[in-house]
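Please open the structure in the viewer and follow the selections below in order.

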Amino acid sequence: MTTSSQTTFSRFEQVLLRSDREFGVSLLLLLAYVACCDDDLSDDERSSISRIISGTPEVRLADDIIAIARQGDLDSIQCACEIITLNTDPQKRESVMSLLLSIGIADGYLRPSENLVLRFLADVLSVSPKRLDELFAALTGKAFPPIPDPSSATWWEARKGHSTSNDHSSRQA
């Protein structure tokens with residue numbers, strides 16, 4: 001009787017194995033995750049990601065990483081966060097958070113899903129809520145919006161003037 005103990009790697013882990021730059025690949029996954037978390041990777045978000053990774057080896061992995069981000073594989077997101085946290089100091093994590101914020105507002109909107117994902121990533125990267133607000137203000141001149149509550153009538157009233165038939169978002173940026 002023989003048993004097989006093959007190790008199966010996730011798609012993200014397979015990409016990591018093909019790269020010698022785990023930090024860059026992990027950052028790219030988080031950028032793509034923020035851009036895709038609202039189920040719409042806009043041209044502005046894609047362009048912003050392209051600008052950030054321009055001239056780096058990660059450019060060749062962008063399509064694979066974006067596909068992984070679109071799947072919302074939380075194990076891969078967790079792995080990417082752990083790699084970034086283990087390989088950076090608090091100041092560099094704040095720089096990473098600034099990049100993530102810039103992707104979240106690249107299309108001119110901070111949708112509820114992006115708001116929540118950015119808060120989650122800030123927590124995982126040990127960026128305090130106060131510092132998150134400061135980083136957002138440095139980018140936009142505004143305070144980071146409160147957690148949206150789509151179950152309230154007030155939220156729906158506030159967004160009436162900001163949405164179109166194709167745009168199911170809240171203009172928060």
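Begin by selecting H2 and H5: H2 passes H5 in a left-handed crossing, a term used when the near helix is turned anticlockwise from the far one by less than a right angle (right-handed if clockwise). The model is predicted, so local features need pLDDT of at least 70 and side-chain atom pairs count only at pLDDT 80 or more, while totals for chains, interfaces and linings use all residues. Residues are numbered from 1 along each chain as its sequence is written, and side-chain values use heavy atoms, without hydrogens or water.

H2 covers residues 22-36 and H5 residues 74-86; their axes come within 9 Å and cross at roughly 130°. Axes are lines fitted to C-alpha atoms, for helices over the stretch in contact, with angles from 0 to 180 degrees between N-to-C directions. The two helices are therefore oblique to each other, the class left after roughly parallel (under 35 degrees), roughly antiparallel (over 145) and roughly perpendicular (65 to 115).

Next, display the side chains between them. Among the residues that meet are Phe 23, Leu 27 and Tyr 33 in H2 and Ile 77, Ala 80 and Ile 84 in H5.

Now select Arg 93, in helix H6 (residues 90-104). Arg 93 is buried (under 20% relative accessible area). Leaving aside neighbours within four places in sequence, Arg 93 is in contact (heavy atoms within 4.5 Å) with Thr 85, Thr 88, Leu 125, Ser 126 and Val 127.

Finally, select Glu 134 in helix H8 (residues 129-140). The C-alpha atoms of Glu 134 and Phe 144 are separated by 8.1 Å.

Notes:
Helices (H or I, at least four residues) and strands (E, at least two) are DSSP runs, numbered from the N terminus. Buried means under 20% relative accessible area, exposed over 50%, partly exposed in between (1.4 Å probe, protein chains only). Lys and Arg count as positive and Asp and Glu as negative; His and the chain ends are not counted. A salt bridge is a side-chain nitrogen of Lys or Arg within 4 Å of a carboxyl oxygen of Asp or Glu.
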